[in-house]
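Visitor: Please show me the model, and then take me through a few of its local features one by one.

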Amino acid sequence: MAADALIVVDLQNDFCPGGALAVAGGDEIVPLVNDLIRHTEHVLLTQDWHPAGHSSFASSHPGRQAFESIDMPYGPQTLWPDHCIRGSKGADFHTGLAWSKAELVIRKGFRPGIDSYSAFFENDRLTPTGLAGYLRERGIGAVTLVGLATDFCVAYSALDAVKQGFATTVRLDACRAIDLGGSLDTMIGKMRDAGVTLI
Ligand code: VGL
Ligand code: ZN
């Protein structure tokens with residue numbers, strides 16, 4: 001029988017209160033996520049992992065502000081405050097997260113010219129991270145996603161997981177959203193339409 005995996009998305013200091021791109025209540029989910037980790041055999045983590053000067057940072061585009069959208073060669077891209085710079089404190093997992101059980105940490109967003117919300121494909125929607133192949137080789141057929149942020153990295157990961165043929169669940173009670181211009185409602189609708197199980 002195919003196994004299940006829990007994927008904890010970007011539960012990093014910069015997405016928690018006090019961080020560079022804080023998600024409201026981001027730290028509140030840590031106890032529940034730890035509970036899910038305890039009760040799941042296969043645990044994977046994702047880690048947003050940008051080089052300094054990354055193209056998704058507003059600071060890399062003179063005259064542009066964070067949370068504006070720009071056109072990149074691969075399509076529209078929201079600009080963000082500098083965050084999750086690889087090796088920095090902000091890129092570390094939240095100190096309360098019981099991450100040691102994780103069998104894999106998948107890092108994303110490390111190519112200077114492409115952002116990556118999804119744990120499966122970067123924002124050009126073509127460059128794979130290798131996660132789908134890893135899950136298939138491990139015999140994992142179903143994934144449950146939790147973490148930050150609901151309407152960006154969790155949602156893009158969930159939509160790609162379904163497309164890649166994995167039975168996909170998002171535990172909304174163990175996620176928190178950025179909610180930029182209605183993005184939470186939009187992405188919840190997209191996940192529901194795509195066949196993601198929302199709990
Ligand atoms: C994320 C914006 C930029 C996320 C990552 O984890 O949802 N959002 N980088
Ligand atoms: Zn990022």
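Guide: A term comes before the tour: a residue is called buried under 20% relative accessible area, exposed over 50% and partly exposed in between, with a 1.4 Å probe and protein chains only. This is a predicted model, in which local features need pLDDT of at least 70, side-chain atom pairs count only at pLDDT 80 or more, and totals for chains, interfaces and linings use all residues. Residues are numbered from 1 along each chain as its sequence is written.

Visitor: Is Cys84 buried or exposed?

Guide: Cys84 is found in the loop between β4 and β5 (104–108), where strands are DSSP runs of E of at least two residues and helices runs of H or I of at least four, numbered from the N terminus. Although it is not a glycine, Cys84 has a positive phi of about 45°. Because its relative accessibility is 0%, Cys84 counts as buried.

Visitor: What is the relative accessible area of Arg125?

Guide: Arg125 lies in the loop between β5 and α2 (131–137), and its phi, near 65°, is a positive value in a residue other than glycine. Arg125 is partly exposed, and its relative accessible area is 33%.

Visitor: Which residue does a cis peptide bond join to Leu148?

Guide: The residue in question has its place in the loop between β6 (140–148) and α3. The bond has an omega of about -15°, and the partner of Leu148 is Ala149.

How values were computed:
Chains are lettered from A and ligands numbered from 1 in the order in which they are written. Side-chain values use heavy atoms; hydrogens and water are left out.
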